[in-house]
Amino acid sequence: MKAFQNAKVVFPDKIREMTVLVEDGKIADLVERADEGLETVDCEGLYLAPGFVDVHVHGGGGYSAMSHDTADIVKMAEAHLSHGTTSIVPTTLASTIDNLHGAMDAIAKACVESKKAHVLGIHLEGPYISLQFKGAQSPEDILTPAKTDPAVLLDYSDKIVLMGAAPEIDGGLMLGDEIVKRGIVASVAHSAATYDIMEKALAHGYSDITHIYSACSSCTKINNFRVGGVVEGGLSLDGYTAQFIGDLRHLPVELLRIIYKCKGPDLAYGVSDGLEFAGMDMEEGGIYRQNNGLEVVYEDGVMKLADRSCLAGSVTTMSKICRNLYKTVGVPLYEAVRMCAATPARVVGYGDSKGKIAKGYDADFVLFDEDISVKAVYTDGVKRFSTN
């Protein structure tokens, strides 16, 4: 048994000095003081928090979730591990069915083969999304479920845990039924839905919003009268959890505060939406090419399409999102951690094993200081990264 001591332990609702006992990769107990003779880890007064969980991430460290190489997925996960993210759900982009199948195969294998960082499953973002709100998604690969049977994707792998789709497109509401019938979370993604459709979508299984405020409809006028959209539905309807990209580039601090005020730490959660460039040192103004062929430019701390018409995705990590929530948005630290660990873990079905420091949970930890600067990362109780 191993004892993590001299730590400020971050629980979901408080921070308290405790000793965390670990055995066989699990949290065995939480005590005031460990018995003598145990192997000890001196946390040196740092915060001991559950490892971050990123359920919407396209790549990292130079590796893409669209790669058909399992080793690339493992390296992508390990790149985020060094920033405190102990579990990821690699996320695909709109592409051909064959290309998506290849990516899904690699991710499914990585769920088994990745030993240091955990790969929890597959997140399909599209291809059943709105052309109007495609964002950086490839328009020629966007499909409608009424014309292309979603079963070709939904039944291809039992590792799918999350799928983003637009409920307003032809067959979109019925697609929600098909997604949840398979035990997959249905997320409203890249959608032009009105508030009325958002209400209907709840009845068809949709329960999550993909990166709220980004690539989705908001309040607009129809025949001179204002009508709510995905944003208003996501914020006001309790049946929805809401992802947000917390890099302070996709959304300014005031919108993050609105999301936090409306949804709270159990219904709102951070995602990196990180491209393959996430967690890397980038050159300002540098031109890069994504795995899907789109050229992007790094400017102002974020990736933009080469023509600068819209943001292409982030290069952030979950530790930076947690820091932004705590230091800039003003969220209490234990709630900021909750929004980056326990809540996303629960959304994708791992709420009873990951995202919390509690007896019986996986011993996935991140040690950081007051600035959320990561000092060490553990998975299954084993040190996987350290700045020392």
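1. A pocket, as the term is used in this note, is an open set of grid points with protein on both sides within 12 Å along at least five of seven lines. The model under review is predicted. Its largest pocket has a volume of about 350 Å³. The lining of this pocket is made up of 25 residues, and Gly135, Ala136, His190, Ala215 and Leu311 are the ones nearest its centre. Strand β22, which spans residues 311-313, contributes the most to that lining, with three residues. Sorted by class, the lining of the largest pocket has twelve nonpolar, ten polar and three charged residues.

2. The second largest pocket holds about 240 Å³ of space. Its lining consists of 13 residues; Tyr298, Gly301, Val315, Thr316 and Lys320 are the closest to the centre. The class division here is five nonpolar, four polar and four charged.

3. Rolling a probe the size of a water molecule over the atoms shows where empty space is left. The structure has one cavity of 30 Å³ or more, and the largest cavity contains about 40 Å³ of space. Its lining is formed by Val10, Phe11, Pro12, Pro50, Tyr334, Val337, Arg338, Ala342, Gly355 and Lys356. By class these lining residues comprise seven nonpolar, one polar and two charged.

4. Which helix gives the most to the lining of the largest cavity? That helix is α9 (residues 333-340), with three residues. Helix α9 is mostly covered, since seven of its eight residues count as buried under the cut-off of under 20% relative accessible area. The buried residues of α9 are Leu333, Glu335, Ala336, Val337, Arg338, Met339 and Cys340.

5. The largest nonpolar core has 74 residues, among which Phe244, Leu325 and Phe368 touch the most other members. Helix α2 (residues 97-113) gives the most to this core, with seven residues. Beyond its neighbours within four places in sequence, Phe244 contacts His211, Ile212, Leu251, Leu256, Ile259, Ala268, Tyr269, Gly270, Val271, Ile321, Leu325 and Met339. Leu325, one of these contacts, is itself named with Phe244 among the residues that touch the most other core members. A second, separate core has 19 residues, including Ala7, Val20, Cys43 and Leu46.

6. Gly102 is located in helix α2. Is Gly102 buried or exposed? It counts as buried, because its relative accessibility is 13% and the cut-off for buried is under 20%. Leaving out residues up to four places away in sequence, Gly102 touches Ser67 and His68. Between Gly102 and Val20 the C-alpha to C-alpha distance is 41 Å, with a separation of 82 residues in sequence. Val20, as stated in the previous point, is in the second core.

7. Side chains of opposite charge can pair when their charged atoms come close. The count of salt bridges comes to 15. One of them joins the side chains of Lys26 and Asp362, at 2.4 Å from N to O. Lys26 is in strand β3 (residues 26-31) and Asp362 is in the loop between α10 (342-347) and β23 (365-368), so this pair ties together parts that are 336 residues apart in sequence. Lys26 counts as partly exposed, at 36% relative accessibility, whereas Asp362 counts as buried, at 10%. Lys26 and Asp362 also belong to a network of salt bridges that links them with Lys354 and Asp364.

8. Two further salt bridges can be listed. The side chains of Glu299 and Arg308 meet at 2.7 Å, N to O. Glu299 is buried, with a relative accessible area of 16%, while Arg308 is partly exposed, at 45%. Asp369 forms a salt bridge with Lys375, where the closest N and O atoms are 3.8 Å apart; the cut-off for such a pair is within 4 Å. Lys375 is partly exposed, with a relative accessible area of 29%.

How values were computed. Residues are numbered from 1 along each chain as its sequence is written. This is a predicted model: local features need pLDDT of at least 70, side-chain atom pairs count only at pLDDT 80 or more; totals for chains, interfaces and linings use all residues. Side-chain values use heavy atoms; hydrogens and water are left out. On a 1 Å grid over the protein atoms alone, a cavity is a set of points where a 1.4 Å probe fits but cannot get out, and a pocket is an open set with protein on both sides within 12 Å along at least five of seven lines; lining residues have an atom within 4 Å of a point. Grid points are joined across faces, edges and corners, and a volume is the space filled by probe spheres set on the points. Helices (H or I, at least four residues) and strands (E, at least two) are DSSP runs, numbered from the N terminus. Ala, Val, Leu, Ile, Met, Phe, Trp, Tyr, Cys and Pro count as nonpolar, Asp, Glu, Lys and Arg as charged, and the others, Gly among them, as polar. Buried means under 20% relative accessible area, exposed over 50%, partly exposed in between (1.4 Å probe, protein chains only). A nonpolar core is a set of buried Ala, Val, Leu, Ile, Met, Phe, Trp, Tyr and Cys residues joined through side-chain atoms within 4.5 Å. Contact means heavy atoms within 4.5 Å.
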